[in-house]
Amino acid sequence: MLVAEHLHFAYPPPGPDFPQTEALRDVTFHLETGEALAVMGASGSGKSTLCHVLAGLTPRYTGGRVSGVARVAGYDVLATVPPTGTVGLLFQDAATQLFNPTVEDEVAWGLEALGTPPPHIGAQVEEALARFGLLDVRTRSPWALSGGQQKRLALAAVWAMRPRVLLLDEPLGGLDPQGRAEVLAALETLSQSSITLLLTTFRPQAAALAPTTLVLADGAATSPTPTAEVLRDEARLVETGILYPPKLWPAMEAHIVPSTTPAIAMQDVHFAYTDGHAALHGVSLEIPQGQFVAIIGPNGAGKSTLLRHFNGLLRPTRGTVYIHGKDVAGRTTGELAREVGFLFQRPEQQLFAATVYEEVAFGVRALRLADAAGRVERALARFALTAFAQTPPSILSYGVQRAVTLAALAALDTPILALDEPAVGLDGREWARLLAWLAERRAAGVTLVIVTHEMELAARADRVVALADGRVVADGAPAEVLG
Amino acid sequence: MSREVDIGRMALIALMGALIFVLTVVVRIPIPATNGYVHLGDAAITFTAYAFGPWVALFAGGMGTAMADMLGYPQWAVFSLLIHGAQGLAIGWLVQKRLNTVTVLLSVIIGAAIVVAGYFAAGTFLVGVGAATLEVLPNTLQGLSGGLVGVPLYLAVRRAYPPLEARSRRTA
Amino acid sequence: MSVALDFYVHRESWLHRLDPRVKLWGVLVGCVAAFLLPSLSVQGVLLLGLHLLLLGNGIPWRVLRGLWRQMAVLIVLIMALQPFFTPSGDPLVAVGPLRLTVGGLSQAGLLATRALVTAFFIGALLFTTDQRSLVQAFVRLGLPYTWGLTFSLTLRFLPAIQQLFMTVREAQAARGWVAEGNLFRRFREYLPVLVAVIIGTLRMSDRLTLALAARGMAAPASGEGDRPPQRTVWRDLHMRRTDWMTWIGITLALLAVSFWRLVFGG
């Protein structure tokens with residue numbers, strides 16, 4: 001049903017002066033009807049590429065050089081487009097896959113493309129929505145759904161077309177633990193059905209849905225092995241950059257400089273967006289210098305809003321924010337950026353420069369910091385980017401791009417770091433890199449404020465602050481708050 | 001578009017149209033001299049024309065700006081569709097074959113001229129010659145901003161994102 | 001602030017159920033009438049009629065007030081300027097070369113009410129028609145499906161690209177980016193933000209291409225591959241009796257206006 005034999009693939013080089021790199025090297029497996037296979041690999045290992053080749057999208061729409069055999073339901077996908085609906089693909093980025101005005105239109109779209117007679121479409125839409133628990137949001141805009149709902153909708157839209165083979169690219173990717181649990185539950189029902197399934201992931205919970213697993217590392221694949229066996233060999237998963245279990249995490253040794261001035265102080269901060277939606281209702285918080293604080297809470301609790309007050313991206317509607325004892329009112333974000341370094345969600349989106357060097361130097365120059373060249377060189381060296389200094393960041397892999405964003409932040413060398421969900425979608429290697437750097441910063445006396453859904457990360461903090469509906473509902477040592 | 005659907009080009013037109021819309025509506029750079037503001041919609045159209053040629057710019061430019069008009073100035077939508085479509089088409093056509101100082105200058109001037117003349121004609125029809133005359137100066141600045149921001153923007157994206165050139169060749 | 005272009009007010013009313021093709025015809029005829037009948041009283045009646053029609057079909061006053069507020073600046077501009085450009089008749093007030101005349105004032109009044117009538121006709125369509133039906137109406141009137149889809153895709157990605165833009169601008173502000181100084185400095189300072197947004201947009205377009213192809217957007221036939229199936233339409237538009245009656249009514253109105261114009265206009 002699903003066959004790959006000695007499959008090789010290389011994307012076209014990004015420009016005449018750049019080398020072509022192989023994304024898949026000699027991938028071979030055979031899946032019979034109704035079987036399931038998990039493909040485990042770190043970010044950039046070729047998981048998405050494999051899915052796109054098997055779905056007949058690559059190289060057809062992307063260009064590139066392919067060799068070997070890829071067959072789906074008897075169709076040679078490298079030579080011809082299989083009939084619509086043979087293969088279903090759940091993309092890693094579900095949001096882009098959803099392009100209709102309402103949830104039910106989204107599911108109907110694929111059925112319309114299949115040429116399903118209109119009187120039958122309604123019932124099939126209904127069935128798919130019911131199966132993935134989306135009936136109560138059927139008239140909402142897909143764009144307004146939560147991450148977990150978006151993934152389930154994308155899954156429903158693909159499943160409704162009754163594909164013979166279903167490819168799931170990183171089905172738990174980019175989700176918080178709540179979303180992961182939702183999608184995992186939906187996938188469990190699928191894996192018990194008779195559909196032929198291939199899923200890529202770096203998470204053991206997802207791999208466990210399939211009886212066999214192959215491991216991809218830099219495009220090269222192992223042969224399919226029983227999943228239990230693969231998961232037992234933790235050392236190998238760590239080595240390939242897939243996992244980074246908490247027991248290996250570095251100690252977050254505190255180095256608190258005695259000081260009476262708190263790094264951050266908020267007094268009765270209220271904030272409402274211009275559309276009237278109130279996000280913070282009287283938050284008071286004092287964070288001493290050198291403390292490591294994790295901010296937790298459900299989506300919409302006001303965590304990101306709170307963080308944006310530290311460098312003046314948002315200004316309180318009422319109340320006061322002090323950074324190192326000075327009121328932020330009347331200080332620009334540019335001035336505050338010298339004291340507060342900020343890492344946003346999906347930081348790779350902010351990259352713009354023609355070279356990695358320029359990218360890292362941007363903030364240093366904008367803030368007119370002393371020893372600009374030295375700062376940039378050190379930051380590049382710290383994240384092993386010196387070799388890429390003259391490369392455009394846009395053509396690097398996501399993993400390396402994230403390293404560039406960390407280097408850009410490190411070069412500013414700020415006494416406070418505010419990180420908004422830095423752990424979303426990180427594989428083992430990226431976790432290791434982030435935690436090692438945070439441990440270093442902490443040893444250097446830097447104050448850390450991290451918004452996170454990952455409780456294991458929150459447990460390493462000195463203090464956990466829980467928000468709900470714009471209010472602090474718990475504040476204390478991790479053991480007290482996390483229970 | 002030909003009978004065979006070029007999905008890549010369709011997606012590109014849709015997204016560049018959305019980008020032109022957003023940069024028209026969201027960015028407002030104030031001009032103290034006229035008490036008005038300049039938006040970056042023309043810059044986005046100019047970029048689209050340079051990067052992807054006259055046809056993508058025609059459709060994305062016309063559609064993006066006409067939709068932007070729906071937020072507050074719906075009666076201008078049809079005119080914006082024509083004016084900015086023509087702007088994209090003309091700029092794209094001028095620089096498609098040869099990119100040198102002459103074609104660049106010409107594209108900037110002609111792009112701005114289409115905007116100024118087009119909105120003056122439409123304005124005479126819609127709001128009378130009075131209000132239309134008042135808009136000539138701001139429209140000149142707005143039209144010129146297309147080239148002044150759009151051309152450096154194109155050069156910067158080409159440096160920062162090398163795959164752009166291969167894409168340009170595919171879609172033009 | 002979100003720029004999502006969504007004016008639809010969800011209700012179950014006669015006007016909501018009316019076939020969008022008929023509504024489009026109505027808007028067209030209405031705008032033509034506004035131009036063919038240059039009389040303040042006709043425009044006034046049209047405007048009043050539109051308000052009653054919308055209020056009677058469940059559109060709350062709050063929505064209409066919003067449209068008035070949007071039009072306010074334009075109306076003031078027209079009324080303040082136009083009279084001086086088209087003076088006719090006796091001056092009421094004269095300051096230097098500027099003459100405020102009755103003729104000029106009524107000329108400006110016509111332009112202003114005409115702008116209002118057009119805006120409310122378009123509003124009547126957009127408040128009562130959801131996006132899917134509107135696009136489907138154009139497709140049934142002959143617009144190729146891919147064009148309709150392109151338009152829907154643009155609408156869909158407006159909030160996504162706005163969010164991308166906002167995030168990039170925030171992220172760069174947090175690294176010390178500022179846009180200040182004169183216009184030309186600001187232009188230059190916007191480049192880093194715009195470059196990042198464009199790269200992000202192009203990536204989104206690549207992913208969207210694959211997503212459309214994977215879901216069965218008919219691909220170019222590649223040699224001997226099977227012909228893609230013909231698309232069907234779920235919940236297609238159908239002209240009912242009331243739709244035809246309304247269509248006939250609107251057409252008669254157009255004929256009446258043209259006749260009036262031919263005989264009495266000049």
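In the predicted model, the secondary structure of chain B amounts to seven helices and two strands, which follow one another along the sequence in the pattern α-β-β-α-α-α-α-α-α. The radius of gyration of chain B is 16 Å, close to the 16 Å that the globule rule gives for 172 residues, and chain B is therefore as compact as a globular protein of that length. Taken along the principal axes, the box filled by the C-alpha atoms of chain B is roughly 45 × 35 × 25 Å.

Within chain B, helix 2 (residues 41–69) and helix 6 (residues 136–160) have axes that come within 7 Å and cross at roughly 50 degrees.

A helix pair with another geometry is found in chain C, where helix 2 (residues 20–36) and helix 9 (residues 241–264) pack at an angle of about 15 degrees, with their axes 10 Å apart. That angle makes helix 2 of chain C roughly parallel to helix 9 of chain C, and the crossing of helix 2 and helix 9 of chain C is left-handed. Among the residues of helix 2 of chain C that take part are C:Val22, C:Trp25, C:Val29 and C:Leu36, and among those they meet in helix 9 of chain C are C:Asp243, C:Trp247, C:Ile250, C:Leu254 and C:Arg261. By class, the contact of helix 2 with helix 9 of chain C has 10 nonpolar, three polar and two charged residues.

Turning to the sheets of chain A, six strands form an open sheet in the order 17-18-19-14-20-21, with mixed pairing. Strand 17 (340–343) and strand 21 (471–476) of chain A stand at the edges of this sheet, each with a single partner strand, so that one side of each is left without a neighbour in the sheet. From one strand to the next, the twist averages 15 degrees. Helix 14 (residues 398–412) of chain A packs on the sheet, where it touches strand 17 and strand 18 (416–420) of chain A, and the direction of helix 14 makes about 170 degrees with that of strand 17 of chain A. Elsewhere in the sheet, strand 14 (residues 292–296) and strand 20 (residues 463–468) of chain A pair in the parallel sense over four bridges, with A:Ile296 standing opposite A:Ala466 in strand 20 of chain A.

An open sheet of four strands, also in chain A, has the order 13-12-15-16 and antiparallel pairing. Its edges are strand 13 (278–287) and strand 16 (326–327) of chain A, each of which has a single partner strand, so one side of each is left without a neighbour in the sheet. Strand 12 (residues 264–272) of chain A is joined by five bridges to strand 15 (residues 318–323) of chain A, and the two run antiparallel; here A:Gln267 stands opposite A:Thr320 in strand 15 of chain A.

Strand 9 (residues 212–217) of chain A pairs in the parallel sense with strand 3 (residues 36–41) of chain A over five bridges, and the bridge partner of A:Met40 in strand 9 of chain A is A:Val215. Strand 9 of chain A also pairs in the antiparallel sense over two bridges with strand 11 (residues 225–226) of chain A, where A:Thr212 stands opposite A:Pro226. With strand 10 (residues 220–221) of chain A, the pairing of strand 9 of chain A is likewise antiparallel over two bridges, and A:Ala217 has A:Ala220 of strand 10 as its bridge partner. Strand 9 and strand 10 of chain A form a hairpin with two residues between them, and A:Asp218 in the turn has a positive phi of about 50 degrees.

Most residues other than glycine have a negative phi, and most peptide bonds are trans. Against this background, phi of A:Arg162 has a positive value, near 50 degrees, and A:Arg162 lies in the loop between helix 5 (147–159) and strand 7 (165–169) of chain A. A cis peptide bond, with omega of about 5 degrees, joins A:Thr58 and A:Pro59, and A:Pro59 is found in the loop between helix 1 (47–54) and strand 4 (65–72) of chain A.

Notes. Residues numbered from 1 in each chain as written. Chains lettered and ligands numbered in written order. Predicted model: local features only at pLDDT ≥ 70, side-chain atom pairs only at ≥ 80, totals over all residues. Heavy atoms only, no water. Pairing = 2+ DSSP bridges. Axes fitted to C-alpha atoms, helices over the stretch in contact; angles between N-to-C directions. Contact = heavy atoms within 4.5 Å. Parallel < 35°, antiparallel > 145°, perpendicular 65-115°, else oblique. Left-handed = near helix turned anticlockwise from the far one by under 90°. Nonpolar A, V, L, I, M, F, W, Y, C, P; charged D, E, K, R; others polar. Rg over C-alpha atoms; globule rule 2.2 N^0.38 Å.
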